[in-house]
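Open the model in your viewer and keep the sequence panel beside it. This tour goes stop by stop, with a selection for each.

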Amino acid sequence: MLAFVVVLTLRRAGAGRDAPGWAAAGLGFVGVTLLGGQASIVRANLDRADWHEAGSVTSGVVGTLVVAAAAGAAGLLATRRAPDEPRPAADGPTLDIPAGQRVVWLARTSNSWLHALAALTGLLAITVVVSALAGLTGLPFLLGAAPFACASLLVLGCSSVRARVGEQGLDVAFGPFGWPARHWAAEDIESARVENRTPAQVGGWGYRLSGLGTTVMLRGGECLVIRPSKGREFAVSVDDAERGAALLNSLSARHAR
């Protein structure tokens, strides 16, 4: 289980600089601690007729922690990399906005598979509640239905997305009700561009965190990618992303004057 979590962390880290080092350090430290602690307990109980006669594990635990700390430090040092060179600002598309006119760009994307999954988990939650109320199960209906209901709401919130670019910047709203939502002011966006991404690159579907930053992945293909002045890059998979990026770059340049 520990190895699985570390591998998953490394996979999602992608090009991230810090995650691989800390994952290797965690694997070394926790792995040695678990193995050493178990070995110390087994050694203390060997050839004992009763557990009350077990020997001391103090020396074994102390030695295990020392070796575990060394293993963690070795894992961190082994994965240390040279500092990354600062990336130049990306040259994205621009859009000519006539003087005195205001332009708005809108886009929406949804994933039918995520909608179906949200409906399925919601149906399971309702089934558990009905079964509990009918006395078919002894499990409290709130306790039984809560995991399915939470899963349904979370998946539903990631099953569709709406993006809007206007004078105020970029707004990205999630789910059928447009909540929750994120906002970036035009003056806080350094650049915007179009980039083709796949679920395999960002770690799956929905709201993903990876070495590429944050990606709202509902379908593979073109994504609108912004680079904020503070924080990591944000990408959302929507159609006509090039026009949205061009408008964002033009609005950001206007506010920077």
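Start by selecting Leu 34. Leu 34 is exposed, at a relative accessible area of 54%. Exposed means over 50% relative accessible area, buried means under 20%, and partly exposed lies in between, with a 1.4 Å probe and protein chains only. Leu 34 is found in helix H2.

Before moving on, note that this is a predicted model: local features need pLDDT of at least 70, side-chain atom pairs count only at pLDDT 80 or more, and totals for chains, interfaces and linings use all residues. Residues are numbered from 1 along each chain as its sequence is written, and side-chain values use heavy atoms, without hydrogens or water.

**Stop 1: the nonpolar patch**

Now colour helices H2 (19-45) and H3 (58-78). Each supplies at least two residues of the patch. H2 gives the most, with 4 residues. Helices (H or I, at least four residues) and strands (E, at least two) are DSSP runs, numbered from the N terminus.

**Stop 2: helix H4**

Select residues 112-133. This is H4, with 22 residues. H4 reaches 32 Å from its first C-alpha to its last, close to the 32 Å expected at 1.5 Å a residue. The expected span is 1.5 Å times one less than the number of residues.

Show the side chain of Asn 111. Asn 111 caps the N-terminal end of H4, with a side-chain oxygen 2.9 Å from the backbone nitrogen of Trp 113. Buried residues in H4 include Leu 114, Ala 118 and Gly 122. Gly 135 follows H4, and its phi is positive, near 80°.

**Stop 3: Ser 159**

Go to the loop between helix H5 (141-157) and strand S2 (160-166), and select Ser 159. Is Ser 159 buried or exposed? Ser 159 counts as buried, at 0% relative accessibility. Its side chain reaches the backbone oxygen of Leu 156 at 2.7 Å.

Key
A polar contact is a pair of N or O atoms within 3.5 Å; within protein, one must be able to donate a hydrogen and the other to accept it, and residues adjacent in sequence count only if both atoms are side-chain atoms.
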